[in-house]
Amino acid sequence: LAVRFTVAASEGDADAPAVTLTCSYLPNLQVVTVKHALSTDAEEPTLLSDMYPNDNGVLSPNPSSDYLALSPGTLVFSDKKTQGRAFGWAQSLGGLHYLPRPTGGAAAA
């Protein structure tokens with residue numbers, strides 16, 4: 001499932017580039033990814049990165065997807081190799097919520 005929408009400047013500002021966002025749901029990983037493109041030929045790889053602190057969309061926000069990778073934290077998202085990045089804010093927009101990741105250390109018994 002993918003949804004594509006374009007955000008453009010108002011009619012009076014013809015010089016501003018339009019941004020096209022493609023949101024995709026990946027059912028096997030249970031995450032939403034976002035890929036962007038500018039109407040100009042310019043590349044801006046960090047356009048959506050860090051809109052929120054520590055949310056660059058590279059690591060999966062779903063802790064259960066770590067079990068699909070060879071080792072925890074090795075499943076990474078990128079604009080060129082995958083269908084976009086898995087930003088935390090995109091999960092919220094898609095209605096997806098996950099348990100927090102374990103912080104390490106032994107669990108108290």
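These legends go with several close-up views of one predicted protein model.

The numbering starts at 1 and follows each chain as its sequence is written.

**View 1**
Going along from the N terminus, the order is β-β-β-α. The mean pLDDT is 83, and 88% of the residues reach 70 or more; pLDDT is the predictor's confidence in each residue, from 0 to 100. Helix H1 (residues 88-93) has the highest confidence, at 93, and E3 the lowest, at a mean of 91. Of the 109 residues, 28% are buried, and here buried means under 20% relative accessible area, exposed over 50%, and partly exposed in between (1.4 Å probe, protein chains only). The chain exposes about 7,700 Å², with carbon and sulfur atoms supplying 58% of that; the areas come from the Shrake-Rupley method with a 1.4 Å probe, and for residues only the protein chains shown count as cover. Take the contacts with a separation of 6 or more: 49% of them join residues 24 or more positions apart. Contact here means heavy atoms within 4.5 Å.

**View 1. Strands E1 and E2, side by side.**
Strand E1 (residues 2-7) and strand E2 (residues 19-26) run antiparallel, joined by six bridges. Two strands pair if DSSP finds at least two bridges between them. Look for Val3, whose bridge partner in E2 is Cys23. Thr6, for its part, sits opposite Thr20 in E2. How many of the six residues of E1 are buried? The number is zero, so E1 lies largely in the open.

You can follow the pairing at Val19, which stands opposite Leu38 in E3, and at Thr22, which stands opposite Lys35 in E3. Four residues lie between the strands of this hairpin, and Gln30 there takes a positive phi near 55°. Most residues other than glycine have a negative phi.

Zoom in on Thr33, which belongs to strand E3 (residues 31-38). Is Thr33 buried or exposed? Its relative accessible area is 0%, so Thr33 counts as buried. Its side chain reaches the backbone oxygen of Gln83 at 3.1 Å. Leaving aside neighbours within four places in sequence, Thr33 is in contact with residues including Thr22, Cys23, Phe77, Gln83 and Arg85.

A pair of aromatic rings is described by the distance of the centres and the angle of the planes. Rings of Phe, Tyr and Trp (its six-membered ring) pair if their centres lie within 6.5 Å; planes under 30 degrees apart count as stacked, over 60 as edge-to-face and the rest as tilted. By this rule, the count comes to one aromatic pair. Phe87 and Trp89 make up that stacked pair, 5.4 Å centre to centre with 15° between the planes. Phe87 is buried at 2% relative accessibility, and Trp89 is buried as well, at 14%.

Asp50 isn't a glycine, yet its phi is positive, at about 55°. Asn54 isn't a glycine either, and its phi is positive too, at about 60°. With a relative accessible area of 78%, Asn54 is exposed, while Met51 is partly exposed at 47%. Where does the chain bring Met51 relative to Gly88? Their C-alpha atoms are separated by 9.7 Å, although the two residues are 37 apart along the chain.

Conventions: Predicted model: local features only at pLDDT ≥ 70, side-chain atom pairs only at ≥ 80, totals over all residues. Heavy atoms only, no water. Helix = DSSP H or I, 4+ residues; strand = E, 2+ residues; numbered from the N terminus. Polar contact = N/O pair within 3.5 Å; in protein donor to acceptor, adjacent residues only side chain to side chain.
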